[in-house]
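Please prepare a briefing on how the two chains of this model meet.

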Amino acid sequence: MSQPFRLASGGRIERSRVLRFEFDGRHYEGHPGDTLASALLANGVRLVGRSFKLHRPRGILSAGPEEPSALVRIGDEPNCRVTRVALQDGLRAVSQHAWPSLRHDFGALADRCAGLLPAGFYYKTFMRPRALWEHVWEPALRRMAGLGRAPEGPDPSRYDHAHAHCDVLVVGGGPAGIAAAVAAGAQGARVILAETLPEFGEVADRDALAALPEVRLLSGTTVFGLYDGNYAVAVEECAAGRVRQRLWHIRAGRVVLATGAQERMLVFPGNDRPGVMLAGAVATYLARYGVAAGRRAVVFTNNDSAYRVAALLEQAQIAVAAIVDLRREPGPAARQRGHGTPFFPGHAVVATAGRHALRRVWVQRLAEDGGAVEGARIALDCDLLAVSGGWNPNLQLFAQAQGRLVYDGRRAAFVPAEAPPGIDCVGAAAGEFDETPPLPLWLVPAPGRAFVDLHNDVTADDIALAAREGMTAIEHTKRYTTLGMGTDQGRTGNLAGIGLLSQAAGRSLAATGITTFRPPVVPVGFGAIAGRARGRFSDPVRETPMHDWHEAAGAVFENVGQWRRPRYYPLAGETMDQAVRRECLAARDRAALFDASTLGKIEVSGRDAARFLDRLYINRWDDLAVGRCRYGVMCRDDGMVFDDGVGTRLGDNRFLVTTTTGNAAAVLDWFEEWLQTEWPELEVFCTSLTEEWANATLVGPRSREILAALAPGLALDRAAFPFMAMREAAVAGLPARLFRISFSGELSYEINVPAECGLALWEALIAAGRDYGLVPYGTEAMHVLRAEKGYFMVGQETDGTVTPLDLGLAVKTADFLGRRSLLRSDLARPGREQLVGLLPDDPGEVVAEGAALIADASASAPLAGHVTSSYFGPRIGRSFALGLVAGGRARHGETVWAAADGRLTPMRVAAPVFYDPQGRRRDG
Amino acid sequence: MQRFSLIALAGHALGRHRAWTPLWRKPAPRPRYAVVIVGGGGHGLATAYYLAKEHGITDVAVLDKGPIGLGNTGRNTTIVRSNYLRSDSARLYEHSLRLWEGLSAELNFNLMLSRRGVLNLAHNLADIREGRRRVNANRRHGIDAEWLDPAALARFCPILNVSDTARHPILGATLQRRGGVARHDAVAWGYARAADARGVDIVEDCEVTAIRTANGRVTGVETSRGAIAADKVAITAAGHNSVVAAMAGLRLPLQSHPLQALVSEPLKPVLDCVVMSNAVHVYVSQSDKGELVVGAGIDAFNSYAQRGSFPVIEAQSAALLELFPMFSRVRMMRSWAGIVDVSPDASPIIGKLPVEGLYLNGGWGTGGFKATPGAGHVFAHTIARDEPHPLAAPFALGRFASGALIDEHSAAAVAH
Amino acid sequence: MLLIPCPWCGRRDEAEFRYGGEAHIARPADPAARDDAAWADYLYLRDNPKGLIAERWVHSAGCRRWFNLLRDTVSHRILAVYKIGEAPPRGEFGGDP
């Protein structure tokens with residue numbers, strides 16, 4: 001018979017439609033509006049999972065996120081809480097953490113050995129021998145632990161992020177929340193009301209809310225974090241379509257927490273069997289889903305709320321075999337019970353039976369002081385035990401926002417004390433329970449294992465053990481026993497754990513306190529948190545205006561930060577080495593073209609521009625003539641090289657400085673920081689021009705001829721356009737700035753045009769250069785060419801610990817950022833690592849970059865430096881390298897050894913320049 | 001001290017574990033000690049242990065303002081490794097790693113050290129250079145280090161996304177096979193129990209409120225549980241070192257920041273090594289309980305609040321999925337934060353302070369957990385002999401004046 | 001996430017800003033006159049207070065201007081915002097700037 005436990009009527013489900021689903025290979029039916037939990041219960045499925053440590057058979061305890069045991073795998077997704085999964089047609093769920101099957105789990109062996117597995121057992125053993133721990137015990141422990149298996153396939157879903165602002169964020173769509181939203185909305189406030197369930201309130205409520213235009217309803221949305229400044233994050237389950245979940249970021253003026261209260265379990269022997277459920281959940285399954293969680297129920301409570309559940313059960317014609325109340329004198333609510341219902345005040349459930357499904361409980365009288373049970377054990381047959389241990393206001397978000405909680409002995413719960421500014425608690429979340437106080441008996445004093453935390457199998461004995469071993473601080477007990485550290489965050493058992501610890505430690509519960517609440521309130525998928533920041537969107541891709549040309553030309557690219565830069569342009573069949581060799585030789589012998597657009601460009605202008613730059617660089621700027629260029633190096637105030645580039649004086653009060661590609665933004669930030677915070681008296685303006693200008697660098701002995709064809713109006717002879725000068729002219733009809741700067745050591749023109757003209761310029765140069773054998777070259781060849789000249793690269797020869805003096809640069813005498821630091825004793829000492837050239841004894845062997853350098857070949861030789869750049873130089877016809885060597889400048893001619901990959905390679909220390917040391921070719 | 005072993009466990013099981021005794025005593029503080037250690041985290045407790053064990057100094061109190069081990073020791077991502085770049089750091093962290101390797105046996109407490117390998121990924125040519133440099137330097141110091149190309153990397157960590165269509169493709173990695181993880185709480189409890197057994201007083205819920213000095217020499221501390229006289233006071237209160245040092249009128253080159261971390265829901269074993277990336281900034285491992293343990297960079301602002309901002313969590317989740325797209329449907333279960341005291345060179349400050357009898361072991365920033373045994377060991381020596389242990393000497397406070405900083409920002413692998 | 005009151009743009013998410021550390025650390029006018037220890041003080045020593053801190057922020061994703069905040073490093077509450085070059089306000093702080 002289909003759905004034997006579905007009531008004939010009732011529940012907010014769509015009975016006219018039938019959904020088919022599977023669990024562990026068996027086929028079942030349910031309805032839209034069901035959760036997987038309600039549908040399983042409707043079909044009489046009791047055994048749903050196995051517990052974390054002891055692999056005990058477990059069923060469904062609850063109807064919400066507090067579910068500790070009923071976690072299944074759906075499709076490829078592990079650890080799905082059946083109470084939070086909306087039933088879909090075709091859903092296929094399987095049990096997890098059990099082998100070979102849910103009913104017959106090999107892991108149940110752990111339950112038999114439970115005595116050997118108390119809290120913290122793993123700290124007390126497996127110490128020796130270490131190999132046995134590493135190769136046998138730890139792998140075994142890991143396999144026994146964990147819950148579901150990670151997904152194997154890619155996630156087909158997409159996740160969105162949304163941002164909103166509001167005056168009032170109301171969390172929780174129960175009566176208190178709806179009232180708060182309506183009240184605020186009626187005053188014209190912009191309100192967002194977030195509720196976990198897919199629908200909320202009665203029709204009248206929904207109408208009232210719909211009538212308020214500034215009230216936005218987010219159903220199926222759980223607020224899981226509340227951060228500084230009332231910044232809330234929430235996850236919305238999206239009904240249909242490609243977006244599975246939406247992550248909301250909500251900045252609220254005020255937050256109203258109408259988060260309700262959470263029912264607790266009672267701690268008694270055998271309290272974890274399938275069929276033991278929270279009383280409130282039993283009522284929820286009846287009212288919301290039209291599902292009877294059993295046919296014959298016993299109700300076990302310490303407070304008034306369970307009597308309503310008993311009444312609902314009777315109305316649904318489910319037999320209530322007994323009501324057991326820990327209190328000798330239950331409140332007026334007890335009068336609600338049915339006339340014939342067996343009633344046991346001052347009694348407790350002391351044992352249960354039924355391995356895969358509850359079938360019986362035993363009840364005994366509680367002694368006056370609650371310290372023992374006495375009298376006869378009364379057996380009661382039942383398949384459902386509805387338990388209520390009291391209610392905790394849901395204060396996770398309140399506590400995340402630094403709200404202070406205080407233990408209310410009368411209500412036996414932590415309630416809000418001081419609210420932080422801008423946050424209010426209303427309804428049950430504020431501790432407003434309208435009832436006779438519950439009896440806070442934290443453990444039924446009967447023999448047998450009683451579970452405090454069902455998720456992690458933490459028993460009352462474990463708490464006692466923790467206290468016995470001195471873990472009397474609640475945070476120590478939590479970590480030692482793992483109380484509350486499961487995916488359910490211990491919602492149904494934490495307070496009992498705190499209560500038991502307090503008793504064992506001889507301390508009040510208020511003094512013991514509670515562990516810190518942290519986001520997320522419910523587990524949230526990493527996919528939802530990452531949203532669209534995946535793949536290409538995880539980091540912007542920056543391309544130069546010539547990018548498409550490079551791609552079409554078959555360039556192999558490298559990532560330099562966010563930039564895509566051509567590394568080399570292989571012809572058909574060429575290896576990287578062959579391509580780089582060809583590109584270098586073209587640059588040295590004929591002509592070559594390089595896209596240098598990514599370099600940072602900053603215009604520095606104003607009355608004090610030169611004075612400002614002088615304060616930052618190791619070199620002077622004030623004496624640079626208009627239209628001339630100068631190489632500059634900048635340090636941080638600790639004396640370490642920060643960045644370098646060529647500056648050009650465009651006018652008396654105007655400079656254009658360049659930076660390395662990677663530091664463009666950092667240098668602009670640096671400039672602005674010093675101007676605004678330290679030297680506001682200077683009149684200087686900085687403008688980023690990095691993306692305004694494209695840069696095609698034309699290099700080689702034939703470059704002048706190529707340029708002459710494209711810039712007929714520009715005098716290009718050496719006198720008219722010398723090295724380190726700038727000219728403005730039309731090139732290929734495009735407005736251009738030309739800089740005679742050379743990073744390659746050849747005659748070289750850096751031609752800058754407005755970015756939108758970059759591609760046209762490039763293509764014109766390629767065409768004009770064809771007859772001269774012009775080829776494009778990439779960053780790899782660029783590296784080789786500059787290294788042959790001994791030009792260091794920031795971030796390669798420097799790593800934040802290298803000074804200009806280490807690099808052999810001269811610094812001016814006037815003060816600049818970093819100058820004073822260079823005089824510190826360690827920065828002035830002679831043994832510092834200094835930039836040198838290195839020539840391997842074998843001219844055909846290229847030593848690996850990053851090789852360690854040692855002064856002698858012995859095993860104990862201390863490190864003397866490392867190889868920073870290393871290549872084969874096609875024009876010089878041999879391998880060479882740059883490196884940092886201790887006291888290197890005094891060691892020219894000596895041999896050092898490069899240690900890499902287990903080998904030692906001898907190299908001779910030399911001056912760091914290998915090609916055209918006079919600079920004649922560069923001077924053109 | 002009750003000896004721990006499988007046999008002991010079985011024996012106690014018969015008695016339903018009723019006969020276990022406290023792991024450490026909780027004595028009231030005495031009026032004076034030879035050494036007072038301010039800070040009951042892993043470093044402070046380790047220091048006390050080595051003072052007792054190596055130097056025979058047992059007249060020691062470890063003071064913590066709350067229960068022990070709940071500061072950064074209880075909040076880190078549990079990574080243990082020694083693959084730092086600079087010679088001075090490498091030696092100190094390697095000293096620590098060698099102590100780790102025998103520590104569970106020595107303390108008779110299973111610290112659950114799992115030497116499963118630590119990968120530091122390279123995503124661009126600069127990363128490759130830096131990684132190879134570190135491998136070569138490590139090997140010169142006798143520290144195990146290898147370079148893996150993408151093919152070898154895919155074999156070592158099969159679930160890592162080594163596809164070249166990733167936004168920042170992985171081009172290789174350094175591997176330290178002896179690196180891995182250990183259970184952080186166990187380290188605090190293990191050292192506490194062993195130190196306590198040797199006579200050290202562990203005094204919890206005892207907040208130091210003042211440091212007493214006379215004639216440039218420390219004479220003791222004031223605490224929430226009364227005044228305590230001491231010949232030597234050793235500060236190792238990660239995150240709060242500036243606060244405590246200020247009590248002696250000293251300023252330090254430290255800034256305290258939040259460092260957030262998170263765990264996922266427990267999974268069956270899926271990640272068998274530690275993976276760290278600078279460029280795609282995240283580091284992750286899987287605990288023995290099955291949770292993925294994930295961390296990344298600090299929150300930029302100064303804070304003592306032990307909480308940070310949500311964008312940090314978003315960024316590390318996105319980074320995690322770039323490296324392991326399969327974790328998209330795995331859920332974050334819990335997040336938290338510690339207070340890290342960051343130094344200008346991402347290296348610790350160990351040694352004497354400018355007040356006689358006052359010592360500091362701090363500024364470990366984001367990397368203190370792996371150094372717990374090594375730091376405790378050298379700090380104990382420094383205190384006992386009133387002069388820095390040779391491995392600690394380069395990390396003296398004076399290096400900031402001389403400029404001999406030990407810059408480990410890259411090897412620290414945590415964005416600052 | 002902190003809500004930072006930029007003096008020019010109003011209250012914006014922390015993610016739009018970059019942190020600049022402790023405020024009011026002026027570069028010595030005559031660095032040469034400082035010995036190594038005093039120079040290190042300027043470069044590295046900081047108060048790092050648990051409680052009120054005067055700190056600098058820059059609105060990097062907005063107006064790109066620097067300003068100062070007075071903030072509590074325990075509660076994260078921002079007590080005052082003031083411009084570079086101004087002294088931190090004294091006295092009682094109520095409400096949000």
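The points below describe the interface between chain A and chain B.

This is a predicted model, in which local features need pLDDT of at least 70, side-chain atom pairs count only at pLDDT 80 or more, and totals for chains, interfaces and linings use all residues. Residues are numbered from 1 along each chain as its sequence is written, chains are lettered from A in the order in which they are written, and side-chain values use heavy atoms, without hydrogens and water.

**Extent**
- Contact (heavy atoms within 4.5 Å) links 116 residues of chain A with 102 residues of chain B.
- About 9,200 Å² is buried between chain A and chain B, 53% of it on carbon and sulfur atoms; buried area is the accessible area (1.4 Å probe) that two parts lose on being put together, summed over both.
- On the side of chain A, Tyr123(A), Arg142(A) and Phe526(A) lose the most area to chain B, together 10% of what that side buries.

**Salt bridges**
- The chains share 13 salt bridges, each a side-chain nitrogen of Lys or Arg within 4 Å of a carboxyl oxygen of Asp or Glu.
- Arg142(A) forms a salt bridge with Asp272(B), at 2.9 Å from N to O.
- Helix 3 (residues 130-144) of chain A supplies the largest share of the side of chain A that touches chain B, 8 residues; helices (H or I, at least four residues) and strands (E, at least two) are DSSP runs, numbered from the N terminus.

**Strand pairing**
- Strand 29 (residues 524-525) of chain A pairs with strand 16 (residues 331-342) of chain B in the antiparallel sense over 2 bridges; pairing requires at least two DSSP bridges between the strands.
- Gly525(A) stands opposite Arg331(B), in strand 16 of chain B.
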